[in-house]
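This report goes through part of a protein model, starting with charged side chains and ending with a sheet. Please keep the sequence and the structure in view while reading.

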Amino acid sequence: MLQCKLQVLHVDFLKQDNAVSHHTWEFQTSTPVFRRGQVFHLRLVLNQPLQSYHQLKLEFSTGPNPSIAKHTVVVLDLRTPSDHYNWQATLQNESGKEVTVAVTSSPNAILGKYQLNVKTGNHILKSEENILYLLFNPWCKEDMVFMPDEDERKEYILNDTGCHYVGAARSIKYKPWNFGQFEKNVLDCCISLLTESSLKPTDRRDPVLVCRAMCAMMSFEKGQGVLIGNWTGDYEGGTAPYKWTGSAPILQQYYNTKQAVCFGQCWVFAGILTTVLRALGIPARSVTGFDSAHDTERNLTVDTYVNENGEKITNMTHDSVWNFHVWTDAWMKRPDLPKGYDGWQAVDATPQERSQGVFCCGPSPLTAIRKGDIFIVYDTRFVFSEVNGDRLIWLVKMVNGQEELHVISMETTSIGKNISTKAVGQDRRRDITYEYKYPEGSSEERQVMDHAFLLLSSEREHRRPVKENFLHMSVQSDDVLLGNPVNFTVILKRKTAALQNVNILGSFELQLYTGKKVAKLCDLNKTSQIQGQVSEVTLTLDSKTYINSLAILDDEPVIRGFIIAEIVESKEIMASEVFMSFQYPEFSIELPNTGRIGQLLVCNCIFKNTLAIPLTDVKFSLESLGISSLQTSDHGTVQPGETIQSQIKCTPIKTGPKKFIVKLSSKQVKEINAQKIVLITK
């Protein structure tokens with residue numbers, strides 16, 4: 001009697017609880033998701049009970065044209081002890097025509113999409129349904145992304161909401177952000193990006209290379225990439241960057257259309273990269289540095305050239321200082337480097353400078369940045385200058401028809417302030433400046449700068465200008481409500497307390513947070529007598545000088561003041577720069593503490609315009625990962641002193657504690673945020 005050949009009729013991936021699967025079943029995808037180094041189970045439905053003489057093999061393949069020779073096929077024999085590329089498979093249970101198999105992938109397995117084929121002799125079950133995604137595993141000690149602290153894993157892998165910090169060093173603002181790594185099509189998009197990238201399949205074992213490739217894929221170039229950057233202030237044909245409040249809509253749009261999304265700026269690039277890395281299993285956090293430098297010449301200094309009126313000379317000034325800059329830190333081991341560089345790595349998806357021919361930056365070890373090891377890969381010299389460069393201000397004077405350059409200010413503490421990230425498990429800011437550099441002014445910080453210059457094989461060409469009497473100058477300004485006059489206080493420190501005259505020249509302009517000039521506002525001149533070793537002079541900018549210019553800016557406005565002070569008697573000159581952003585009135589929201597799936601939830605918004613100007617095109621919007629789509633409410637013009645109320649209704653679709661973000665926007669005020677966490681139940 002002929003024996004019937006064994007055939008596998010169907011394969012099921014068995015669902016595990018989150019404690020075992022490390023939350024992979026939270027991903028809203030039809031494809032089973034597992035972390036490498038983690039056991040998962042299959043149920044094989046056969047055409048007959050399994051016998052001892054039957055052959056049964058599992059074949060996992062990934063990448064184009066997979067083969068054992070290319071290390072992109074893993075074959076596991078279930079009839080003999082099986083270990084291929086550190087993958088393992090064992091028969092767990094046999095019950096009639098059903099067999100349960102336990103598979104453990106290698107902690108060093110290739111990341112991405114796998115096809116599972118089951119072989120029984122000459123028969124192969126190959127089905128498009130037998131697809132799985134394999135991710136990095138920060139719970140696995142053998143994985144390069146292992147993170148030992150459970151609270152940190154919850155924050156940097158599992159938390160799907162968070163924030164960016166924006167504004168200015170003296171006025172840090174909280175900007176809510178929904179990372180949304182578990183949302184529909186987000187992980188599918190991330191896996192697709194792996195395929196679209198230039199990575200070879202075997203390179204996808206390495207989080208360093210994966211991180212670098214994903215960083216490059218965030219920005220659009222040569223027909224490829226997720227997001228188009230735009231710093232022009234003109235966002236026609238797309239979404240203004242400040243209007244985005246989360247990563248999921250961007251990644252979903254890109255995945256569905258295969259067209260780059262318009263538009264993004266640094267916090268948007270950082271937001272989507274943080275989402276992609278968390279989705280793929282790499283611990284990641286959004287980081288903001290204030291007064292962040294862009295050192296185009298890569299000489300570790302930021303050079304600003306001004307004329308005798310204090311106006312920046314744009315054709316000479318190629319470096320820039322951003323009020324703030326947002327990037328991503330990713331956690332991983334660095335076996336490609338000498339010991340001591342594991343842990344957090346800076347990765348910057350904003351397309352600023354090319355690295356090995358593409359727009360990406362990092363991963364750069366924070367340890368290397370802090371020590372000034374500027375040639376440790378990748379792009380440490382650029383990041384070092386970004387957070388710890390020295391700043392030189394040059395005065396360009398015409399003398400006998402020739403340009404003369406004089407260093408009038410050398411600032412060693414003005415770059416890289418208040419480096420910030422969200423605290424673990426809390427909605428508060430954590431200052432991590434110490435992770436990037438030694439305290440400003442300390443001997444260690446200056447030694448690091450000397451070390452970096454030595455590695456650059458470059459002597460410092462310029463020293464701090466020697467002053468007979470003028471010791472120090474700084475400018476302070478308190479943020480004010482939009483529509484009010486702005487006071488700039490110039491603080492002068494001298495060796496002498498004698499009576500002297502000082503000429504103060506202030507040049508003011510409206511600019512973007514990146515330092516790009518939008519409009520010249522005015523020049524202010526003042527001559528004062530000063531006495532005492534410390535004295536103050538105040539310049540006042542009337543609101544009329546900036547109000548009308550706001551209409552041309554579809555971005556958060558920043559006022560830049562460049563102040564030159566000259567002691568009349570000694571002709572000594574010093575200069576300083578100051579940035580000011582505006583404060584806005586807050587608004588209140590009323591939301592219940594709990595809600596239920598399918599039942600209407602009502603948000604009441606109350607806003608009083610305490611500004612001295614009317615607000616036009618006022619709009620409330622409500623967004624949450626717990627509802628299906630953005631909800632909005634339009635209110636037209638709100639006059640000074642007027643109070644408005646608005647109701648926004650939504651219907652929850654997901655259970656759990658969900659953060660509801662409410663935004664108020666207008667032509668004059670780009671965004672004010674309020675938020676509340678609501679517990680949604682069935």
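A residue counts as buried when its relative accessible area is under 20%, as exposed when that area is over 50%, and as partly exposed in between, using a 1.4 Å probe and protein chains only. By this scale Arg354 is partly exposed, its relative accessible area being 40%.

The model is predicted, and local features need a pLDDT of at least 70, side-chain atom pairs count only at pLDDT 80 or more, and totals for chains, interfaces and linings use all residues. Residues are numbered from 1 along each chain as its sequence is written, and side-chain values use heavy atoms, with hydrogens and water left out.

**Salt bridges**

Side chains of opposite charge can pair when their charged atoms come close. Here a salt bridge means a side-chain nitrogen of Lys or Arg within 4 Å of a carboxyl oxygen of Asp or Glu. The count by this rule is 30 salt bridges.

| Glu221 | Arg354 | 2.5 Å |

Helices (H or I, at least four residues) and strands (E, at least two residues) are DSSP runs, numbered from the N terminus. The salt bridge between Glu221 and Arg354 links distant parts of the chain: Glu221 lies in the loop between helix 4 (207-217) and strand 13 (227-229), while Arg354 belongs to strand 19 (residues 354-355), 133 residues apart.

Arg446 is partly exposed at 22% relative accessibility, whereas Asp390 is buried at 1%.

Two strands are said to pair if DSSP finds at least two bridges between them. An open sheet is formed by four strands in the order 29-28-31-32, with antiparallel pairing. Strand 29 (517-530) and strand 32 (573-581) are the edge strands, each pairing on one side only.

Strand 28 (residues 500-511) and strand 29 run antiparallel and are joined by twelve bridges. Phe508 has Cys522 in strand 29 as its bridge partner.
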